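User: I am new to this structure and would like a short tour. Please take my questions one at a time.

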There are 2 protein chains.
Amino acid sequence: MDNKAMDLDILLEESLEKILGLLEEKKYFQARDELLKYNAVDIAELLEEITEETEIEMTIILFRLLPKDVSVEVFSELPSDDQVEIVNGITDKEIDFIVKEMDFDDKIDILEELPANIVDKILEKTPKNERKLINTFLNYPDTCAGSLMTPDYISLQKDWTVGEALEYIKKVGMDAETIYTCYVKDSGRKLIGIVSLSTLVISDDEVRIKNIMRTDYVYENVYDDQEDVSEDFKKYGFLAIPVVDKEHRLVGIITVDDILDVMEEEATEDIERMNGVIDWENSDKGYLDISVWQHVLNRLPWLIILMIAYIFTGMIITRFEGKLSEIICLVAYMPMLMGTGGNTGSQAATLIIRGLATDEVDTSDVWKILWKELRVGFLIGAILSVLNFARVCWLDGNGAMVALTVCSAMLFIVVFAKVLGSMVPLLVKKIKLDPALIANPAISSVSDMVALSIYFAMALLFLGL
Amino acid sequence: MDNKAMDLDILLEESLEKILGLLEEKKYFQARDELLKYNAVDIAELLEEITEETEIEMTIILFRLLPKDVSVEVFSELPSDDQVEIVNGITDKEIDFIVKEMDFDDKIDILEELPANIVDKILEKTPKNERKLINTFLNYPDTCAGSLMTPDYISLQKDWTVGEALEYIKKVGMDAETIYTCYVKDSGRKLIGIVSLSTLVISDDEVRIKNIMRTDYVYENVYDDQEDVSEDFKKYGFLAIPVVDKEHRLVGIITVDDILDVMEEEATEDIERMNGVIDWENSDKGYLDISVWQHVLNRLPWLIILMIAYIFTGMIITRFEGKLSEIICLVAYMPMLMGTGGNTGSQAATLIIRGLATDEVDTSDVWKILWKELRVGFLIGAILSVLNFARVCWLDGNGAMVALTVCSAMLFIVVFAKVLGSMVPLLVKKIKLDPALIANPAISSVSDMVALSIYFAMALLFLGL
């Protein structure tokens, strides 16, 4: 942790102690003033801590003492269970205010998390036209552009002058999610151009919007996947991207701060999938908030698939059993050969899956990748074989033919695993599935079976079993 | 891929064909006009394709025909080898212009990538004061806040009025990386406050900056790690964060678009480390750009560590060899027990490592995590044991005592692997190392050894070997 963050944490810690002390003495206003030294994100963090240390009533009292504009911001930063407690604890009039002042997309996020009875309570307070909008948003699938967007954007008329536009922004800008990009629609609500606030500010007041707006803007469709949306943000470096429906009507915008969360979610999903954990609920719940049963359900499928795969591995061994018991020392090298095959295959798969996710490689690179992995596999296999030859002969004191069996198997297994690990993700991508779904467990279990077969084949060859 | 992106790609593809045709007929200006239908990012993509399809000279000619302001933007989007070719192909006067117009932080990025002779050529053209600055930036370690920042920010005086500030921004805003957040410094260059463009635009012209600037801003120190910086962007949702030196003097700002790249890099690093690939060069090179030897060096260390670990696994088997040859059918279940242990351990490790990276869990949650993993492990172990009992008895036709050996071993192995996989990352974090460094290969090799020991212990117990 860096120095500054540590300083800040110590500061927060000290304030927390102070506030808890003040609350004990019932000096609520002084406690509130201590809170108000911080910004909304940190206040929310302090309130969370206070909830843990004392009764929820203290948090509610403190929350009610916050200036209204602060409390709205703080509310949207609180974890959802604290939000429920607070909503239960405060008056309808206060809810009313929070609902009215909260940003549209924060409201959506909050409603998605809250239990149904609270949602009803909040929707009741929401103006009818906005309620309709909220319901539209809540119905978009969780991972599409529609669920990320906000309708709080600024739209300008193409015939306005820059001066008129700035005047208008001054009037309505307070309520918009961003005023840094403004949108120009035609009479049919179709998006015809965008203009950034920086362009407005550095342009002369008399210039007309239509002469400075950009028409080569990038946009998303409501049902585009959030992963594609975040790709566009990364590619173009925009602060906001407009979202249109299939008639090219502007329905909302997505801002870059929401994309940071999407990127983190997508990376988490990929990492979990690659290691055989399937998030069935597609939730953004943390590890600790997921129930034991849900954890079991998320992890069991791959383990059961593996178990079935190992039935075949077992069959290969059983067929070889008689010969194996003659040269029992071969058993001692089985775990190493299978383990190395599995791990080296995962390495290749990881690099290709990640490369596909970040657009560094593409299915059309298949031959380049194959040629590279063949060389990498051969070199690694050769190095590991030489090391193993030394081990089998000198350390374990086995004969040269046993060593030859183990080492030639090692070479073939590594080359095979590298090719398998690199080619399978490309194949999965080619048939338009998520390459991360072919998890490392799958690659290592296939390479296990092949590793055993190669090993036994080498034994037949060199030891004449 | 979504519809819109597909539409766009098809469009690009069509334009590419058209341009290549025009180039063949030597209609350079028409080819340029076709290019100019797109934004800088897409033009760069097209030029890349053109380089692949024809000679580099074509790209250079086209590039030289672009309007100067476009060519600057396009240049910074090109891959570094194309940049080198172009720099080699164009005149000093043109380099001069590019160097002068390029954003400061783009220039840094480009200089970090280019070969030394080209860097000299560019630095030669750079004004002396900026050259000094560039050298300062280039000397910051690659992964700290200093290497991400740009000095192209707008600074305001605290006694200015909003009107004066907007007038100033109109004059100098063109050259700044962002005008959306402006910075207020005292006479000693110390940062005393920030004010957003949106605050300026919606405030009255007569208000003084000092009355609307925020003093509870978040900042970074130059040597803060980029991972902490991206944490702050995620936490607070800012568009830019100021960077100060140890005297709290403002030295630059970091903008959110650069953080998207950092987040992707950090996720890639974690994913690779977790799967036993170490990126020694700490490079942002893609898979295809890394040489075969570097690939070997990145992957070999963990494989060699594993090989050493497997010497111990082999020793465990060798000690048991005599008894194993008596009941050779036990060998057939070894891969399954070791494989399941390894994979179930990786699942737990993955969830905890990712939870630590995204701040969802913390080392202080150790008891909660242990209790959760014990229950998850017990449930998964029990389910897999029951399924295995059926397999061993009915499918394989082995006796009940063999089945009991396999199933009780399975239960213990799964519980042990879950505990190992979840506790080791917490321990590594506690001693302040990156938990991703204790890769899945390490966890599966330790769990392999323990799995074998448990299996043989159960065999002694139930089969009286």
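**Two chains and their parts**

User: At what angle do helix α17 (residues 292-326) of chain A and helix α19 (residues 366-395) of chain B pack?

Analyst: Helices are DSSP runs of H or I with at least four residues, strands are runs of E with at least two, and both are numbered from the N terminus. Axes are lines fitted to C-alpha atoms, for helices over the stretch in contact, and angles run from 0 to 180 degrees between N-to-C directions. The axes of α17(A) and α19(B) are 10 Å apart. Their packing angle is about 35°.

User: What kind of model is this?

Analyst: Residues are numbered from 1 along each chain as its sequence is written, while chains are lettered from A and ligands numbered from 1 in the order in which they are written. Local features need pLDDT of at least 70, side-chain atom pairs count only at pLDDT 80 or more, and totals for chains, interfaces and linings use all residues, for this is a predicted model.

User: Is the crossing of α17(A) and α19(B) left-handed or right-handed?

Analyst: A crossing is left-handed if the near helix is turned anticlockwise from the far one by less than a right angle, and right-handed if clockwise. The residues that meet include L303(A) and M307(A) in α17(A), and L379(B) and I383(B) in α19(B). The crossing is right-handed.

User: How many residues in the contact of α17(A) with α19(B) are nonpolar?

Analyst: Ala, Val, Leu, Ile, Met, Phe, Trp, Tyr, Cys and Pro count as nonpolar, Asp, Glu, Lys and Arg as charged, and the others, Gly among them, as polar. One residue of this contact is polar and four are charged. The nonpolar ones number 12.

User: Which helix of chain B gives the largest share of the side that touches chain A?

Analyst: Residues are in contact if their C-beta atoms, placed from the backbone, lie within 7 Å. By that test, 101 residues of chain B touch 102 residues of chain A. The largest share of chain B's side is 18 residues, and they come from helix α17 (residues 292-326) of chain B.

User: Is S71(A) buried or exposed?

Analyst: A residue is buried with 20 or more other C-beta atoms within 10 Å of its own, exposed with 12 or fewer, and partly exposed in between; C-beta atoms are placed from the backbone. S71(A) lies in helix α5 (residues 68-77) of chain A. With 21 other C-beta atoms within 10 Å, S71(A) is buried.

User: Which residue is the bridge partner of P242(B) in β6(B)?

Analyst: Strand β5 (residues 240-244) of chain B runs antiparallel to β6(B), joined by five bridges. Six of the six residues of β6(B) (residues 250-255) are buried, so this strand is largely enclosed by the rest of the structure. The partner of P242(B) there is I253(B).

How values were computed:
Contact = placed C-beta atoms within 7 Å. Pairing = 2+ DSSP bridges.
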